[in-house]
Amino acid sequence: MRELMLVGVRIELPSNQPLVLLKEIDGPRHLPIWIGTPEASAIAMTQQGMETPRPMTHDLLETITSALGHPLIEARLVSVKETVFYAELEFDGGATVDSRASDAIAFALRAGCPITCTEEVLEEAGVLVNDEGSTEEAAEDQVREFREFLADVEPEDFDE
């Protein structure tokens with residue numbers, strides 16, 4: 001399993017389709033996943049540190065599992081089938097639950113646990129983007145390069 005970090009959520013034009021972008025922590029590959037608008041909002045809100053007056057669904061899940069003594073310890077992206085990403089959630093105590101990738105990411109961000117991915121998923125759906133370092137300018141170049149890649153790609157391109 002490879003650990004991933006959240007780069008961000010983007011709205012790709014002209015389709016206005018939300019996309020979550022993950023990156024391997026110890027590698028150059030990025031993993032773009034097209035997701036729904038509510039999930040994109042949930043992920044973006046957490047990434048930006050926004051708090052809501054009342055708990056949202058993923059907040060509630062994190063609160064419940066922690067209160068019951070079995071917090072989420074890892075969110076894993078385990079496969080891709082016909083452009084659909086499959087994930088599983090592992091809880092303290094060993095229980096594993098099937099999940100949509102977008103929900104797994106949103107929940108993991110709230111729980112502060114790792115997001116991991118199988119090598120097979122990265123080989124199938126990962127995108128190699130030139131990683132020139134960690135400076136702000138390099139990060140901007142990386143985003144620009146990825147946007148150029150996205151300009152020519154459609155969700156159907158990830159079909160087998």
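## Sheet

Strand 1 (residues 2-12) and strand 2 (residues 17-24) pair in the antiparallel sense over eight bridges; two strands pair if DSSP finds at least two bridges between them. Strands (E, at least two residues) and helices (H or I, at least four) are DSSP runs, numbered from the N terminus. Leucine 6 has leucine 22 of strand 2 opposite it.

The model is predicted: local features need pLDDT of at least 70, side-chain atom pairs count only at pLDDT 80 or more, and totals for chains, interfaces and linings use all residues. Residues are numbered from 1 along each chain as its sequence is written, and side-chain values use heavy atoms, with hydrogens and water left out.

The open sheet has eight strands in the order 6-5-4-7-1-2-3-8, with mixed pairing. Strand 6 (96-100) and strand 8 (127-128) are at the edges; each has a single partner strand, so one side of each lacks a neighbour in the sheet.

## Helices on the sheet

Helix 1 (residues 37-47) packs on the sheet and touches strand 1, strand 2 and strand 6, where contact means heavy atoms within 4.5 Å. The direction of helix 1 makes about 115° with that of strand 1. Axes are lines fitted to C-alpha atoms, for helices over the stretch in contact, and angles run from 0 to 180 degrees between N-to-C directions.

Helix 3 (residues 101-111) lies across strands including strand 3 (29-34), strand 5 (84-91) and strand 7 (115-117). Helix 3 runs at about 115° to strand 6.

## Salt bridges

Side chains of opposite charge can pair when their charged atoms come close. A salt bridge here is a side-chain nitrogen of Lys or Arg within 4 Å of a carboxyl oxygen of Asp or Glu. The count comes to nine salt bridges.

Glutamate 119 and arginine 29 form one of them, with the closest N and O atoms 2.8 Å apart. This pair links distant parts of the chain, as glutamate 119 is in helix 4 (residues 119-125) and arginine 29 in strand 3, 90 residues apart. Arginine 29 counts as buried because its relative accessibility is 16%, the class being under 20%, with exposed over 50% and partly exposed in between (1.4 Å probe, protein chains only). Glutamate 119, at 28%, is partly exposed. Arg2, Glu24, Arg29 and Glu119 are linked in a network of salt bridges.

Aspartate 59 and arginine 110 meet at 2.7 Å, N to O. This pair joins helix 2 to helix 3 across 51 residues. Aspartate 59 is partly exposed at 24% relative accessibility, and arginine 110 is buried at 17%. Glutamate 88 and arginine 76 meet at 3.1 Å, N to O; glutamate 88 is in strand 5 and arginine 76 in strand 4, twelve residues apart. Glutamate 88 is partly exposed, with 25% relative accessible area, while arginine 76 is buried at 12%.

Serine 79 is in strand 4 and counts as buried, at 18% relative accessibility. Not counting residues up to four places away in sequence, serine 79 touches Val84, Phe85, Tyr86 and Val121.

Leu60, Ile64 and Leu68 make a nonpolar surface patch of about 300 Å². Patches are made of residues with over 30% relative accessible area and no salt bridge; like charges are joined within 9 Å, nonpolar side chains (Val, Leu, Ile, Met, Phe, Trp, Tyr) within 5 Å. Accessible areas come from the Shrake-Rupley method with a 1.4 Å probe; for residues, only the protein chains shown count as cover. Leucine 68 lies in the loop between helix 2 (57-67) and strand 4 (72-81) and is exposed, with a relative accessible area of 63%.
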